[in-house]
Amino acid sequence: EKEKSESIASEYLMVCRILPRSRNGNVRGNNGRINKRNDMAIAKRVPYGVSNFKKIIKFNQYYVDKTMYIPMLEDQPDYLIFIRPRRFGKSLFLSMLETYYDCNLKDQFKELFGELWIGSHPTPLQGEFQVLTLDFSQVGGDIEHLEENFNSYCGFCFDSFMRRYKEYYGEKVAEQVYAETQSHNKLSIIQKNAAEKGYPLYLIIDEYDNFTNTVLNELGEEVYHAMTHASGFYRDYFKKFKGSFDKIFMMGVSPVTLDDVTSGFNIGWNISTKPKFDKMLGFSTEDVRKMFTKYREAEKIPADSDVEAMIEEIKPWYDNYCFAEECLKSDVRVFNCDMVLYYLRNYMDYGCAPKQMIDPNTKTDYNKMKKLLQLDILDGDRKGVINKIAEEGEIVTSLYQTFSAIEMTKPEVFPSLLFYYGMLTIKQLLGDQLVLGIPNNNVRKQYYTYLLEQYQAQKYIDINRVGTLLTNMAFDGKWEPVLSFISKAYENVSAVRDGIEAERNLQGFFMAYLYLSSYYIIAPELELSHGFCDFFMLPDLTHYPIKHSYIIELKVLGKQDTEVKAETQWQEAIEQINRYAAAPRVEVLRQGTTLHKIIIQFKGGKLKRIKEV
């Protein structure tokens, strides 16, 4: 408790250092006068990476209000399941629910929620529960002793619960809980006594699928099956949860474990794709606009910052998520909230957008996702799904709400798994199927990183050299060395070339290497003058003073095609690329840079001709 108090005091002092205060807590201005305290005047801190709701409120950190969803959740069944990708604010939302419903915090309602929507619209259930929170991402240690680790973690949480609500149960019951060595016995004692005394219990589970996914990928389907089926210890716990709690809310990133363990639970209500909860996590455009405006008013970003321009800048990188097909009727999409906070934090530090629009911390996310999706050991069918999405940007499929671990290896189910991991989003309806597409540049980068790893495994290419050549292309207009280099690399990847003589697959190869450049936003299949150019390399003048932009057309001939066919194709390419370049929107897209029109022709997997026209 002493360490906890000292930690709180330390964080409070950090906040107070922003502006001096008078004794009554009002802000003392530079002229010595006391001004009425204004939270944004002392600049709310950006809660990047913070998932503790009380900490955000008490230490003056910015909170995007999601409390208006509380009554909507109460209208749903009592046992809820919600799935969202990483970095969408799941843990913070659950922390907010825990704070709202905790009977020990009932008297702090005005302090914690007074400025939020629910502060003026409390529900009858506010502060009515004893809340138990489990975060299964904390089940770590030696994976060979998984059941023991799980038992130890749950036992710690149950003991902590009893210490928190000890006054309700008394010393005798508390000692019984502490004395038990098996966590499920601790839970039984809590449940029995709560039921006898009429105490309502609320269970919150964060990352319900975290360690089970790890088991699936590191120890295989057999070990995973043993713990999630029949009398497996993890499945058995969900049976106990069913009869022990009045309300349950579970969150995770995948429906795989859900399908396997909740068959014994069998009363969970999945609201992941319900339209009314589409924007419950993440930020809307209005959320972002309000936040950026507040920080500009507080002079934490430059006073001349164009908020609308900032929003337009981040949309291609962090926006465009849609989790319910009914929400396609609306133009409002969802931002990845952690990415927005990363951008804002950089803007506050440097007065401009970050050089790297992709948060470097997402490299860890990519590595986790690569393991979970088993990208390094994909069979041919699922590898084909990834390649198709990377090359075409979308896939037509059906969305599976739940599926077991054994089913996720099916190529028809695999796109649904990518959807839940945030690698795809709903783009449009097509009959009774959906078009799932890459949501933004951040995710697109992950696909091309995967492709690049494939190609590099076949034939290593000096990435640093490609980077230098791309720099020369951007600043000096020396396009031929880098495009020829990539073309020759394509020739040398024989294992790839056998299956990629089609133009579409050649595009994927070029995209993987062109995406190494930070100087351009690479737009594949951009619509120009009633056609689609293969690549438009849009200059990123916000970050780099580059002077050249490019339209690139790729053409592929079969091994048996004649010279007459080759010349006809070339002339058609010239007509196409000139038509694209004359499109009215090109003048805006090239932003005053010198536009180059490049045609590259291949025959039988080998470079035949490359030229600027």
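The model you are looking at is predicted, so local features need pLDDT of at least 70 and side-chain atom pairs count only at pLDDT 80 or more, while totals for chains, interfaces and linings use all residues. Residues are numbered from 1 along each chain as its sequence is written, and side-chain values use heavy atoms, with hydrogens and water left out.

Let's start with helix α10 (residues 183-197) and helix α13 (residues 233-244), which pack at an angle of about 10° with their axes 11 Å apart. Therefore α10 and α13 are roughly parallel to each other. Here, axes are lines fitted to C-alpha atoms, for helices over the stretch in contact, and angles run from 0 to 180 degrees between N-to-C directions. Helices (H or I, at least four residues) and strands (E, at least two) are DSSP runs, numbered from the N terminus.

Which residues touch? From α10 come S183, H184, L187 and Q191, and they meet Y237, K240, F241, G243 and S244 in α13. Contact means heavy atoms within 4.5 Å. This contact of α10 with α13 divides into three nonpolar, five polar and one charged residue. For these classes, Ala, Val, Leu, Ile, Met, Phe, Trp, Tyr, Cys and Pro count as nonpolar, Asp, Glu, Lys and Arg as charged, and the others, Gly among them, as polar.

Now find helix α15 (residues 285-297) and helix α16 (residues 307-318), whose axes come within 10 Å and cross at roughly 135°. That angle makes α15 oblique to α16. On the α15 side the contact is made by T285, V288, R289, F292, T293 and R296, and on the α16 side by V307, E308, M310, I311, I314 and K315. The residues of this contact divide into six nonpolar, two polar and four charged.

## Spaces inside

A cavity is a set of points, on a 1 Å grid over the protein atoms alone, where a 1.4 Å probe fits but cannot get out; lining residues have an atom within 4 Å of a point. The count comes to two cavities of 30 Å³ or more. The largest cavity has a volume of about 210 Å³, a volume being the space filled by probe spheres set on the points, which are joined across faces, edges and corners. Its lining holds 16 residues, of which P85, R86, D365, Y421 and Q446 lie nearest the centre of the largest cavity.

The second largest cavity has a volume of about 60 Å³. Its lining divides into seven nonpolar, no polar and three charged residues.

Methods:
On a 1 Å grid over the protein atoms alone, a cavity is a set of points where a 1.4 Å probe fits but cannot get out, and a pocket is an open set with protein on both sides within 12 Å along at least five of seven lines; lining residues have an atom within 4 Å of a point. Angles under 35 degrees count as roughly parallel, over 145 as roughly antiparallel, 65 to 115 as roughly perpendicular and the rest as oblique.
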